[in-house]
Amino acid sequence: MATEESPQVTRRATRSYSASNTAIESTNLPESYKPTINDLGFRQQPLRLEDLLSSFPGRRSQILELLRLLGPLNSPMFPILVYGGPSTGKTSVTLQVFRHLNRPFIYSSCITCYSPRILFESILNQLLFHRKDSGHSYSSVKRCERPSDFVNYLREALENVLTNLKGNSGKVSSKMSGRPDGTMVYLVFDNLERIRDWDKSSTILPFLFNLNDILKMPEVGLIFISNTSPDTYYLNIGYVEPIPLYFPDYTEDDLRHIFMANQTNSRLYASFLDVVLRPFCRVTRQVDELAAAFSSLFKKYSEPLSDKEVAPNEEMKRRLFSHIRPHIASALNETFQVRSQPLLKAETNEETKKTNSSRMLGIREDFDKIDFHMSTSAKYLLISAFLASRNPATLDASLFDSTGVSDSRKRKRNCAYWKNFKYSPRACYNLTLEYMGI
Amino acid sequence: MGREKEKEKLSEKALNLLRSRLSDPNFIFRPLSDSPDSNYSKLKFIISTSVTEACNNSILLLGPRGSGKVAVLELVLSDLLQQYPEAISVIRLNGLLHSDDNCALKEIARQLCMEHQLLFSKVASFDDNSQFMIAMLRECGLAHKTIIFVLDEFDFFAQGKQRLLYSLLDAMQSVNSQAVVIGVSCRLDVDQLLEKRVRSRFSHRKLLFLSPSKEDTERFIEHILSLPMDSSLPHNYTAEFNGRLKKLLSDERFKELIDTYLSFNFTIGHLVRFLFQAVSYMDLSAGFLSLGNFKTALSSNQRQPKLECIRDCSVLELYMMVCMKRLEVKEQASYNFYSVMTEYKSIHDSFQTSDYYAANVCLRAFEHLLQCQLISFIDNKGHNQSVEFRPVKLLISSAELHQGLKSYQQCPAILLKLMDR
């Protein structure tokens with residue numbers, strides 16, 4: 001599909017390892033590359049509509065609606081809010097739609113741009129065709145912290161880009177020269193729900209939603225992508241809401257289509273899916289989690305087969321089913337964790353779909369990989385450090401205060417607070433020990 | 001084949017025309033401002049008298065969001081700039097961006113410099129900028145040039161110490177200055193937010209922008225959506241389009257639809273957005289607007305996000321929500337992941353359900369619920385603790401949960417039974 005990513009290296013790799021490992025591809029562009037206006041479009045072959053629709057099973061109506069809302073070439077638009085659960089394809093559909101339309105767009109994600117300054121500077125860098133490289137010690141083209149500065153710089157940069165685009169549209173046909181079409185620029189803001197956790201969210205969110213009115217430039221289109229629904233963004237100053245576009249979770253049939261794509265032995269995989277899809281769907285319907293679980297399970301499923309290309313008949317299906325059956329129950333209870341290093345190179349696409357929720361299990365995995373010896377006292381120190389970082393300061397004060405409790409109100413509040421939790425510090429300690437596998 | 005392509009091209013052109021009209025506030029609000037007692041004429045009268053009689057003035061434009069305050073103001077200003085090209089200069093500030101005094105004065109200085117082709121220095125301090133502004137006001141007053149300050153989102157300027165407002169209004173009190181301050185806000189009580197000294201210097205002139213009447217709205221819709229006869233589109237296509245549009249607008253069902261929409265969102269801005277959506281759904285092969293387009297647009301605006309979220313949940317997540325509901329019924333005010341798990345286990349023990357999963361799988365489901373905002377943490381103070389120990393609460397009512405469970409495909413019957421207990 002889109003850009004390929006170099007295989008991720010785990011945190012434990014040293015710098016010399018990553019430098020010498022020839023398996024890592026070099027990044028797409030050499031250091032001295034200067035971006036131009038062609039970079040505002042997707043840098044790959046444009047897609048036809050049929051390819052676009054067929055590569056996203058179950059998303060036909062959403063793609064068509066998005067195309068309708070974006071409208072024909074050079075037609076102004078109202079801001080759009082694309083929302084839906086995680087891994088429902090919002091970002092990929094939006095990007096592929098822009099690839100199909102071949103229009104210039106600026107993409108910024110609020111996960112990588114985790115503060116307003118970084119967000120503003122990333123957008124300005126893309127608009128002013130500035131690439132951070134070692135020559136300028138990785139600085140942005142302009143320092144921009146406040147929304148007022150951002151609006152001024154954005155206006156100038158947009159006007160430059162738009163005159164550039166208007167000049168180009170008169171010349172050679174864009175299909176041949178690889179230039180993006182049209183005289184409109186689209187700004188795509190991804191992962192908008194992260195902004196709610198920022199410090200300055202009370203000023204940045206209203207600013208972004210009102211950006212259309214503030215800029216007053218009909219040649220700019222705004223698209224917001226969010227994991228949470230629009231009612232989580234209600235602000236007390238109000239704004240004319242963007243047009244919502246909802247991406248529902250995939251149904252079981254869609255999941256079947258998705259997993260059947262790119263399978264070498266489709267009939268074998270179909271029989272596998274018949275067995276596992278329904279029980280796993282009761283637990284989760286997210287594609288990334290299911291993919292991680294199915295890949296390992298499918299290996300177990302096809303273990304007894306000597307010939308992997310065979311299409312199974314009823315007898316074989318029944319035998320395979322009885323072989324896999326005990327494993328399903330245990331696989332359901334395993335969390336959908338991403339494999340560690342040895343399988344990493346084969347399954348790079350699963351790595352990128354790892355969500356932040358697997359950090360709990362990630363810790364477990366990392367501790368599995370400790371290969372140096374720790375003395376018992378060091379382990380106790382580690383446990384106490386962990387506990388000390390988890391306990392709130394008031395609890396520490398009340399438990400370890402040597403003169404007895406200083407404030408009786410504090411004690412009452414703490415007791416009530418902890419009673420509901422059904423655990424004492426001792427239980428927490430035991431739990432931690434279990435959890436760390438000691 | 002060729003005819004179809006031609007027809008599509010025509011409809012595309014018509015679509016483009018309609019979309020650009022709907023996105024252009026000037027076009028939208030001009031017909032509404034034609035009558036002599038409209039806000040447009042009142043505003044124009046006030047500003048033009050201040051310009052011609054060389055006096056200071058201040059005015060507030062109030063109205064709900066989308067009622068066209070800034071659009072009408074821009075119309076007035078563009079007309080006046082044509083009428084008196086040398087006598088007016090406009091400074092525009094926005095409360096979302098410039099509520100900080102330093103920022104605001106810097107922006108004022110920058111716009112003044114741009115207007116009069118002076119060199120703007122980015123390192124000028126607050127005092128320099130304010131002295132510059134006062135000097136410019138004096139000079140413009142002596143040259144009989146009026147400076148119009150447009151303060152958008154006025155309620156943001158009224159937060160904090162209101163230094164900027166005070167210095168602006170104070171500078172206007174001097175004999176030489178000629179300035180008009182126009183505040184635009186969505187809060188109808190914004191003048192109550194002003195400090196006493198600021199309010200005393202502010203003239204209590206207010207213009208209220210209310211939504212137009214029903215007949216005006218209908219006339220407005222027809223005017224906006226009809227294709228003009230003198231455009232580059234062929235005459236018979238335009239005539240047929242307009243004819244069908246008229247028939248559609250007089251249809252009872254269409255009127256009902258518009259009434260339903262307007263009962264929630266009654267400003268022109270919202271109506272325009274609705275029309276934009278409906279126009280975008282126009283079928284290009286047919287080339288005409290149909291009732292179906294408007295129906296789709298209405299249904300996409302009438303979503304129920306929480307029910308959609310519930311429909312997207314997996315069965316395990318439904319179990320967890322039902323467990324939390326039961327805990328609430330049992331008068332437990334706050335619960336965390338472990339209490340929900342004990343409840344889950346007790347349900348499994350008493351009913352022997354087949355859906356019993358281990359703790360870590362349930363934790364993933366729990367975090368998914370947090371992400372969808374169906375549950376949330378009670379307070380933000382427990383960042384040190386992990387997700388399992390922090391107390392949470394359900395963000396949907398039991399009626400919504402019940403409705404969601406009923407509309408869920410293949411919902412286990414046990415859950416409905418548990419909810420009914």
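1. A salt bridge is a side-chain nitrogen of Lys or Arg within 4 Å of a carboxyl oxygen of Asp or Glu. In this predicted model, R197(B) and E195(B) form such a bridge, with their closest N and O atoms 3.2 Å apart. R197(B) is partly exposed because its relative accessible area is 37%, and E195(B) also counts as partly exposed, at 28% relative accessibility.

2. How many salt bridges does a search of the whole structure find? Over all chains the search gives 30, and another of these bridges joins the side chains of R219(B) and D216(B), at 2.8 Å from N to O. Both residues belong to helix α11 of chain B (residues 214-225), where they are 3 residues apart, or about one turn of the helix. R219(B) counts as exposed, at 55% relative accessibility, whereas D216(B), at 28%, counts as partly exposed. In chain A, a network of salt bridges links R48(A), E50(A) and D51(A).

3. The contact between the two chains deserves a careful look, and 72 residues from chain A and 68 residues from chain B take part in it. The size of an interface is often given as the accessible area lost when the parts come together. For chain A and chain B, the area buried between them is about 5,800 Å², of which 52% is on carbon and sulfur atoms.

4. Across the interface of chain B and chain A there are 21 residue pairs in polar contact, counting pairs with both residues at pLDDT 80 or more. On the side of chain B that touches chain A, helix α19 of chain B (residues 359-372) supplies the largest share, namely 7 residues. That side of chain B is made up of 26 nonpolar, 23 polar and 19 charged residues.

5. Between chain B and chain A the count of salt bridges is 2. One pairs E289(A) with R364(B), whose closest N and O atoms are 2.7 Å apart. D231(A) forms a salt bridge with K306(B), and here the closest N and O atoms are 3.6 Å apart. Because D231(A) lies in the loop between β4 (220-226) and β5 (243-247) of chain A, while K306(B) lies in helix α16 (residues 305-312) of chain B, this pair joins two chains.

6. F120(A) and F150(A) form an aromatic pair that is stacked, with 4.2 Å from centre to centre and 15° between the planes. F120(A) lies in helix α5 (residues 116-127) and F150(A) in helix α6 (residues 147-170) of chain A, so the pair ties together parts that are 30 residues apart in sequence. Both F120(A) and F150(A) are buried.

7. Elsewhere in chain A, ring pairs link a cluster made of F259(A), Y269(A), F272(A), F280(A), F294(A), F298(A) and Y301(A).

Definitions and conventions
Residues numbered from 1 in each chain as written. Chains lettered and ligands numbered in written order. Predicted model: local features only at pLDDT ≥ 70, side-chain atom pairs only at ≥ 80, totals over all residues. Heavy atoms only, no water. Contact = heavy atoms within 4.5 Å. Buried area = accessible area lost by both parts, 1.4 Å probe. Polar contact = N/O pair within 3.5 Å; in protein donor to acceptor, adjacent residues only side chain to side chain. Helix = DSSP H or I, 4+ residues; strand = E, 2+ residues; numbered from the N terminus. Nonpolar A, V, L, I, M, F, W, Y, C, P; charged D, E, K, R; others polar. Phe/Tyr/Trp six-rings, centres within 6.5 Å; stacked < 30°, edge-to-face > 60°. Buried < 20%, exposed > 50% of the residue type's maximum accessible area, 1.4 Å probe, protein only.
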